[in-house]
Amino acid sequence: MSLKRAVGAEVVRTGFGIFARHEVHAGRLTVRLDRRAHERHLATITGGGAVPLATEAGRTLWWTADGCYWDDDGLDADAVALLVWDRQRRQDARLDRLRKIRAAEEAVEGSRRARIPDEVRAFVWHRDEGRCVRCGAEESLQFDHVIPVAKGGGVAAENIQVLCADCNRLKSDSIA
Ligand SMILES: [Zn+2]
């Protein structure tokens with residue numbers, strides 16, 4: 001079975017009001033639709049169906065909600081609608097997969113950017129004298145990104161500070 005997208009095909013309106021007509025252009029082919037035919041076809045394709053518009057050199061031009069297609073296999077409307085639906089479904093599944101892959105890669109990239117190099121840790125620990133820079137506590141200490149990674153903060157020493165867990169939590173709350 002071969003159903004190919006009619007590349008460059010388009011439905012254009014000519015005229016206004018009661019003079020409005022629609023034309024479908026596909027290659028050198030022009031199919032004119034009067035208002036009633038256009039409305040009827042539109043109802044069919046929005047219902048998931050396919051409408052044969054013209055036959056040229058043994059192939060049929062179909063109009064579907066997903067645009068125009070050429071078919072040279074003598075498919076009927078149900079078969080065309082089914083194939084277009086299948087195309088759409090596969091494309092959705094593919095996009096879904098790609099979104100998941102991208103989200104996973106962004107998460108990896110995020111944690112890579114958040115990791116503080118050992119030499120920066122040593123420098124900051126020494127600079128902050130091994131104490132929470134806010135309250136001076138010497139327990140439950142953590143390295144904190146002054147500007148969070150999610151907001152564009154880096155892992156250079158000037159963006160890293162020593163905080164105790166309590167101060168870190170308070171800070172997170174005030175940012176959120
Ligand atoms: Zn503290």
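Predicted model: local features only at pLDDT ≥ 70, side-chain atom pairs only at ≥ 80, totals over all residues.
**Entry 1, Ala57.** I began with Ala57, which counts as exposed because 6 C-beta neighbours lie inside 10 Å; the cut-offs I use, with C-beta atoms placed from the backbone, are buried for 20 or more other C-beta atoms within 10 Å, exposed for 12 or fewer, and partly exposed in between. Although Ala57 is not a glycine, I find a positive phi of about 50° for this residue, and I place Ala57 in the loop between β5 (51-56) and β6. Helices (H or I, at least four residues) and strands (E, at least two) are DSSP runs, numbered from the N terminus.

Residues are numbered from 1 along each chain as its sequence is written.

I then looked up Ser140, a residue other than glycine whose phi is positive, near 50°, and which lies in the loop between α3 (118-127) and β8 (141-145). Ser140 counts as exposed because 12 C-beta neighbours lie inside 10 Å.

For α2 (residues 77-114) I checked the length: its 38 residues should span 56 Å at 1.5 Å a residue, and the end C-alpha atoms are 55 Å apart, which agrees; the expected span is 1.5 Å times one less than the number of residues. The buried residues of α2 are Val80, Ala81, Leu83 and Val84, and I find β1 (3-5), β6 (59-64) and β7 (67-71) among what covers them.

I take a nonpolar core as a set of buried Ala, Val, Leu, Ile, Met, Phe, Trp, Tyr and Cys residues joined through C-beta atoms within 7 Å. The largest such core has 19 residues, and those with the most contacts inside it are Val24, Ala50, Trp62, Trp63, Cys68, Tyr69 and Val80. Two or more residues each come from β3 (21-26), β5, β6, β7 and α2, with α2 giving the largest share, four residues. Apart from this core lies another, of seven residues, among them Val162, Leu163, Cys164 and Cys167.

Leaving aside residues up to four places away in sequence, I list Val24, His41, Ile45, Ala50, Val51, Leu53 and Cys68 as touching Trp63, where contact requires C-beta atoms, placed from the backbone, within 7 Å.

The domain assignment gives domain 1 (3-91) and domain 2 (115-175), with bounds taken from an automatic or database assignment. I note that the C-alpha centres of domain 1 and domain 2 lie 62 Å apart.

Notes:
Contact = placed C-beta atoms within 7 Å.
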